[in-house]
Amino acid sequence: MAITKEDILKALSYVEEPDLGKDLVTLNMVEDVQVDGKNVSFTVILTTPACPLKDLIRNACIRAIHTMVDKEADVTVNMTSRVTSGRAGNSEVLTGVKNIIAIASGKGGVGKSTVTSNLAIALAQSGARVGLIDADIFGPSIPTMFGVEDQRPSMVQGDHGKNYIIPVEKYGVKLMSIGFLTPPDHAVIWRGPMASSALKQFISDVEWGELDYLLLDLPPGTSDIHLTMVQVLPVTGAVIVTTPQKVAIADAQKGLQMFRQPQINVPVLGVVENMAYFTPAELPENKYFIFGKEGGQNLARKFDVPVLGQVPLVQGIRECGDEGTPVALQNDSPASGVFRELAQAVAQQVSVRNATLAKTQPVEIKS
């Protein structure tokens with residue numbers, strides 16, 4: 001019997017998207033089914049270009065058609081993506097941004113900006129449209145990490161004569177930081193309300209355009225900046241960065257609990273354990289747990305969230321950051337592979353969050 005489109009869709013209705021727990025047809029992830037004799041082709045719409053399960057899904061589709069339709073069918077599975085969003089439709093802020101991800105630590109010095117920079121680049125390399133706001137007003141690191149300390153954003157006039165800032169773009173990531181607007185050797189001495197006002201400008205007065213992911217590199221602690229963020233923005237979720245040592249875990253726990261306060265209620269996507277172990281370049285198989293062992297894993301287990309990644313303490317990561325060329329750019333480096341896997345894990349958790357939790361809206365915090 002001749003193969004029909006209905007046969008193909010019926011077979012694909014038995015292929016489950018592992019993260020979302022439903023089949024591809026029910027999730028409307030199959031499009032453009034074409035049948036020409038025994039030649040079958042169709043497109044699977046993934047929820048993110050950084051999907052780590054791409055090959056697994058492709059193989060499951062081919063196996064289903066060979067098993068349920070025709071074992072001699074020549075199957076072509078085209079893979080593309082359409083990033084999902086968990087934003088409520090009535091949110092008027094950053095309307096072109098699908099997902100807003102807060103990167104927090106609780107404690108300074110744990111490598112949060114390093115993780116954020118490499119995560120942003122890894123997401124962009126996967127094909128996603130990415131922006132990054134350096135929300136650490138008093139200690140901006142992003143211009144240095146991207147090697148753009150001397151660049152200044154331009155301006156453009158929008159509707160109704162309002163001027164908008166055009167973000168600096170490097171390595172496929174759109175960037176905004178107070179570091180672009182002040183001399184690099186000058187301290188920013190502002191009270192909390194002024195810092196919060198600057199963050200609001202980075203949100204409302206910057207022409208971000210269409211983005212799949214906008215990362216917010218937050219300052220340490222739980223301050224005015226954090227409250228302003230959740231009041232102004234519909235945050236999709238938060239990523240907690242920590243080192244394994246006890247003092248860092250104690251502060252990371254406070255940062256995590258802030259997002260889980262009933263009046264804030266921002267989903268925690270998971271934990272990144274930075275400087276998880278030291279691996280010398282000449283002994284790549286060796287691991288030395290300088291800052292302790294499994295602290296991030298224990299934190300994730302305590303709050304029932306996933307460990308998104310464990311980043312080793314590698315000299316090259318520091319050197320690349322200092323040179324303004326984050327290690328995620330080096331495809332032949334083992335450390336860059338860690339950040340690619342981290343990007344996949346974050347994108348995966350965002351997709352699950354958007355499919356299973358309520359839409360995100362800015363929160364109202366009563367004083």
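Predicted model: local features only at pLDDT ≥ 70, side-chain atom pairs only at ≥ 80, totals over all residues.
**Close-up 1. The hairpin of strand 3 and strand 4.** Strand 3 (residues 30-36) is joined to strand 4 (residues 39-46) by five bridges, and the two strands run antiparallel. Asp36 is bridged to Asn39, its partner in strand 4. Two residues separate strand 3 from strand 4 in this hairpin, and Gly37, which belongs to the turn, has a positive phi of about 65°.

Close-up 2. Val40 is located in strand 4, while Val75 is located in strand 5 (residues 74-81). Val40 has a relative accessibility of 2% and therefore counts as buried; Val75, with a relative accessible area of 12%, is buried as well. Beyond its neighbours within four places in sequence, Val40 is in contact with Ile3, Ile8, Gln34, Ile65, Asp74, Val75 and Thr76. Val75, with residues up to four places away in sequence again left out, touches Val40, Phe42, Ile62, Ile65 and His66. For scale, the C-alpha atoms of Val75 and Val35 are separated by 9.6 Å, although these residues are 40 residues apart along the chain, whereas the C-alpha atoms of Val40 and Pro143, 103 residues apart along the chain, are separated by 49 Å.

**Close-up 3. The span annotated as a domain.** An unreviewed UniProt entry lists residues 5-77 under "domain: MIP18 family-like".

**Close-up 4. The annotated binding site, seen at Gly106 and Gly111.** According to the UniProt record, an unreviewed entry, the feature "binding site" covers Gly106, Lys107, Gly108, Gly109, Val110, Gly111, Lys112 and Ser113. Gly106 is placed in the loop between strand 6 (97-104) and helix 3 (112-125), and Gly111 is likewise found in the loop between strand 6 and helix 3. Gly106 counts as buried because its relative accessibility is 16%, and Gly111 is buried with a relative accessible area of 17%. Setting aside residues up to four places away in sequence, Gly106 touches Pro220, Gly221 and Asp251, while Gly111, under that sequence limit, touches Asn274 and Met275.

**Close-up 5. The largest nonpolar core and a separate one.** The largest nonpolar core contains 45 residues, and those with the most contacts inside this core are Ile101, Leu123, Phe146 and Val173. Helix 10 (residues 334-356) gives the most to the core, contributing nine residues. Apart from this core lies another, of 43 residues, which includes Ile100, Phe202, Leu299 and Val363. Around Leu123, and not counting residues up to four places away in sequence, the residues touched are Ala50, Ala128, Val130, Tyr213, Leu215, Ala343 and Ala347. As background, nonpolar side chains tend to be buried together in soluble globular proteins.

**Close-up 6. An aromatic pair at Phe278 and Tyr288.** The model has three aromatic pairs. In the pair formed by Phe278 and Tyr288, the ring centres are 6.4 Å apart and the planes stand at 40°, so the pair is classed as tilted. This pair links distant parts of the chain, with Phe278 in strand 14 (residues 268-278) and Tyr288, ten residues apart from it, in the loop between strand 14 and helix 8 (295-302). Phe278 is partly exposed, having a relative accessible area of 29%, and Tyr288, at 38% relative accessibility, also counts as partly exposed.

**Close-up 7. Lysine side chains over aromatic rings.** Lys287 has its charged end over the ring of Tyr277, at 4.5 Å from the centre of that ring. In another such arrangement, Lys293 lies over the face of Phe289, and the distance to the ring centre is 4.7 Å.

Definitions and conventions: Residues numbered from 1 in each chain as written. Heavy atoms only, no water. Core = buried A, V, L, I, M, F, W, Y, C linked by side-chain atoms within 4.5 Å. Buried < 20%, exposed > 50% of the residue type's maximum accessible area, 1.4 Å probe, protein only. Helix = DSSP H or I, 4+ residues; strand = E, 2+ residues; numbered from the N terminus. Contact = heavy atoms within 4.5 Å. UniProt positions renumbered as here; feature names shortened; annotations may be inferred. Phe/Tyr/Trp six-rings, centres within 6.5 Å; stacked < 30°, edge-to-face > 60°. Lys NZ or Arg CZ within 6 Å of the ring centre and 35° of its normal. Pairing = 2+ DSSP bridges.
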